[in-house]
Amino acid sequence: MSDPVTRVAELLDRAARAGVVEPNAMALATVDSEGRPSVRMVLLKGLDDSGFVFFTNLESRKGEELRANPHAALCFHWREFETQVRVEGAVELVTDAEADAYFASRPRGSRIGAWASEQSRPLPVFEDLERRVVEVEARYEDQEVPRPPFWSGFRLTPATIEIWSGKPSRLHLREVYQRSEPDAPWEMQLLYP
Ligand SMILES: Cc1cc2nc3c(=O)[nH]c(=O)nc-3n(C[C@H](O)[C@H](O)[C@H](O)COP(=O)(O)O)c2cc1C
């Protein structure tokens, strides 16, 4: 049986071929320093043996929570073929080189927006955001927009991956893969649905 990271990569391909809009959208759950969870959608931007990569503002709520407690959970759902994938593991910051490369690939408007948005902090009136966008555009007129120091990515190294496949009569297949450390072999166990 192929390893679960390869299986998730195949499912992402299948979702893209099935015409799913943003097949790489996933729920990201974090917890605060008192153990209270929060969840939001983010986009998966890299997947390989080393883990699941997403990008964000490091001073956002999720960024602060991940830096205080570097553990997270992800959840994908592709209803077109009745599949859910759950992932849990430790997170770490990607390298500056990785963050720079991904940031440089983003449309200019998104790069301007990364500077203009104080993500997760109170915005008194929407016009304040629009004014900040105009200021950032003026600052970088005729120049490349560099990556803000407060914007980067995280890599979640999976310790557990569950692939849930919908079956008739709710007799769903739950395959849970676990490994004790990143280089250890994966072990698979079924769970009752
Ligand atoms: C489909 C979708 C994809 C999103 N992708 C990202 C993303 O990749 N990075 C990000 O910072 N926010 C993304 N967002 C916005 C987040 O859901 C969230 O509103 C924002 O990051 C602030 O979250 P926080 O206050 O919990 O940190 C996305 C939202 C949606 C609906």
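**View 1. Ala 72 and the residues it touches.** In this predicted model, Ala 72 is in contact with Leu 28, Ala 29, Thr 30, Leu 66, Val 91 and Leu 156, and that list skips its neighbours within four places in sequence.

**View 2. The largest nonpolar core.** Now let's zoom out from Ala 72. This core has 21 residues, and Ala 72 is one of those that touch the most other members, along with Phe 52, Phe 54, Leu 74, Phe 154 and Leu 156. Which strands each supply at least two residues of the core? They are β1 (25-31), β4, β5 (71-78), β6 (83-93) and β7 (151-165).

**View 3. A second, separate core.** This one has 6 residues, including Leu 58, Ile 112, Val 145 and Trp 151.

**View 4. Around the ligand.** There are 16 residues around the ligand, and the ones that come nearest are Thr 56, Ser 60, Arg 61, Lys 62 and Ser 120. Two or more residues of this shell come from each of β2 (37-43), β4 (51-57) and α2 (61-68). β2 gives the most, with 5 residues.

**View 5. Stepping back to the chain.** The protein chain has 5 helices and 9 strands. Of its 193 residues, 22% count as buried. Looking at contacts with a separation of 6 or more, 57% join residues 24 or more positions apart.

Definitions and conventions: Residues are numbered from 1 along each chain as its sequence is written. This is a predicted model: local features need pLDDT of at least 70, side-chain atom pairs count only at pLDDT 80 or more; totals for chains, interfaces and linings use all residues. A residue is near a molecule or strand if its C-beta atom, placed from the backbone, lies within 6 Å of it. Helices (H or I, at least four residues) and strands (E, at least two) are DSSP runs, numbered from the N terminus. A nonpolar core is a set of buried Ala, Val, Leu, Ile, Met, Phe, Trp, Tyr and Cys residues joined through C-beta atoms within 7 Å. A residue is buried if 20 or more other C-beta atoms lie within 10 Å of its own, exposed if 12 or fewer, and partly exposed in between; C-beta atoms are placed from the backbone. Two residues are in contact if their C-beta atoms, placed from the backbone, lie within 7 Å.
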